[in-house]
Amino acid sequence: MYRLSGYSIAAALAVAFFVMAGAPPAAIAAPPAKADCSSAADVFERVKCRHDAVADQMQYTADSAFADGTAMNSQAGPGRVKHMGNARVRGQRAKGQTTKAALKRLAKAEVRGNRKAGHLVPLTAFDDLDDDGICDYEQGDANAQCAAVELDDMGELQACNPEKKNKGKGKPGASKFAGLECDLAFDPENAADTTEAADMDEAGQEMEEAFGAVEDDLIEMNEHLDAINAETSAAPIALRAAAADDGCNIPVFGPAATNAAKVLRGLTAAAKGTASIVASNTSQTFVVFGNGGNLRSAASVFDYAALAVELAYIVADEIARDQNSRVQAATNACTAEAVKKVGEVADQLAALQALMAAQHAQVQANDNANTAAIEANDDANTAALQARLDAVEAELSRILNTPHGRRDGFPLN
């Protein structure tokens, strides 16, 4: 009789892993452990350490989690694998480009942006006649022009309105608030006073925590991706082993892909949020005193980390959905076969009852003494068969009315 129990599937699967596989899948490399940056006394040395650790986690993601032959690589396809590889390259490049000094300038820029301190930048040499690097408007020359934060479409400096107090381009007209916001010049790295030094240290600590949080998230991500690759490498064995003696072939998958999709869904929000916050803190373009233009480049690793997590989530979710779809399709086919066989058993039971009735009549005509015992034995056997059939029908009804994944041990029972 057709059995819906997962015993035969589980048994076959256990045999398959030891007989067909011979040994469990080989262990793959683990992602780098969280970097130990505690030995650095200077906060910006620790930030640099954390920055590079994030880049190293991204390198592991591209080189190992998305390596050729893995489930992640196969599901992602060439285009997304290339994007992941680009994130790895950019992350490693950032390790060389983003120095301790660059990170210090990043903190200084944020602090100065908050305090609005510094000196007005001259638009041309004629606006700085004493050649001190400060726009002469600040020193009393009302005709001197100062440089704006924004460059024009050609990448050239343009004049600002020194009286403008609010950010943005302002509204057309003669209002003192019209025009562009002025750029401010200051020492790009060193604090001007103790207050600013404390603010810079605080900004550095925030950066250290941000990089550390992203590093933790990438470690967790890589562990989940490794779990998907490890489980999926055994999937063909599971598929073969799931062919039970009753002919039902239900693929058996572990929880790695589903668990990864759940975790990565939250990590994508964290990665995007971190990148957005850093972008808002580093969007100013400083054009003097050697800041080298947009300091956003010092925080680019956040962007590529967000890209890596987003791609990993999409691929893990696709794998989980594909596995669930295959299990559902196989379960539906298996259930349809079960319904058919239950109907066949019911028909056979009805035919058996008719045959027994005829035999009872024949026995009664020839041997009245044994008729009662024969009928009692046949009735007991028939009742047992009917009870078993009722139990199977009840179990089948339970399965049909229980969503996939909601019953214990699914899909094994």
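Buried means under 20% relative accessible area. Keep that cut-off at hand for the exercises below. The model is predicted.

**Exercise 1. Decide whether Cys-160 and Cys-182 are buried or exposed, then describe their link.**

Step 1. Take Cys-182. Its relative accessibility is 8%. The cut-off for buried is under 20%, so Cys-182 counts as buried.

Step 2. Take Cys-160. At 13% relative accessibility, Cys-160 is buried too.

Step 3. Check the sulfur atoms. They are 1.9 Å apart, and the two residues form a disulfide.

Step 4. Read the torsion. It is about 90° around the S-S bond, so this disulfide is right-handed.

Step 5. Cys-160 and Cys-182 both sit in the loop between strand 1 and strand 2, 22 residues apart.

**Exercise 2. Find how many disulfides the model has, and work out the handedness of the others.**

Step 1. The count is three disulfides.

Step 2. Cys-37 and Cys-49 form one of them, with sulfur atoms 1.9 Å apart. The S-S torsion is about -75°, so the disulfide is left-handed.

Step 3. Cys-37 lies in the loop between helix 1 (7-19) and helix 2 (43-65), and Cys-49 lies in helix 2, so the bond ties together parts 12 residues apart in sequence.

Step 4. Compare burial. Cys-37 is buried at 4% relative accessible area, whereas Cys-49 is partly exposed at 24%.

Step 5. Cys-135 is joined to Cys-146, S to S 2.1 Å. The angle about this S-S bond is -80°, and the link is left-handed. Both cysteines lie in the loop between strand 1 and strand 2, so the pair ties together parts 11 residues apart in sequence. Cys-135 and Cys-146 are buried.

**Exercise 3. Describe the surroundings of Gln-145.**

Step 1. Gln-145 lies in the loop between strand 1 (119-120) and strand 2 (184-185).

Step 2. Its relative accessible area is 41%, so Gln-145 is partly exposed.

Step 3. Leaving out residues up to four places away in sequence, Gln-145 touches Pro-122, Leu-123, Asp-127, Cys-135 and Ala-159. Cys-135 is also a disulfide partner of Cys-146.

Step 4. Leu-120 is 25 residues from Gln-145 along the chain, and their C-alpha atoms are separated by 9.5 Å.

**Exercise 4. Classify the aromatic pair of Phe-211 and Phe-302.**

Step 1. A search of the whole structure gives one aromatic pair. Phe-211 and Phe-302 form it, 4.4 Å centre to centre.

Step 2. The planes are 25° apart. Planes under 30 degrees apart count as stacked, so this pair is stacked.

Step 3. Phe-211 belongs to helix 5 (residues 194-233) and Phe-302 to helix 8 (residues 300-366), 91 residues apart.

Step 4. Phe-211 is buried at 1% relative accessible area, and Phe-302 is buried at 5%.

How values were computed. Residues are numbered from 1 along each chain as its sequence is written. This is a predicted model: local features need pLDDT of at least 70, side-chain atom pairs count only at pLDDT 80 or more; totals for chains, interfaces and linings use all residues. Side-chain values use heavy atoms; hydrogens and water are left out. Rings of Phe, Tyr and Trp (its six-membered ring) pair if their centres lie within 6.5 Å; planes under 30 degrees apart count as stacked, over 60 as edge-to-face and the rest as tilted. Helices (H or I, at least four residues) and strands (E, at least two) are DSSP runs, numbered from the N terminus. Buried means under 20% relative accessible area, exposed over 50%, partly exposed in between (1.4 Å probe, protein chains only). Contact means heavy atoms within 4.5 Å. A disulfide is a pair of cysteine sulfur atoms within 2.5 Å.
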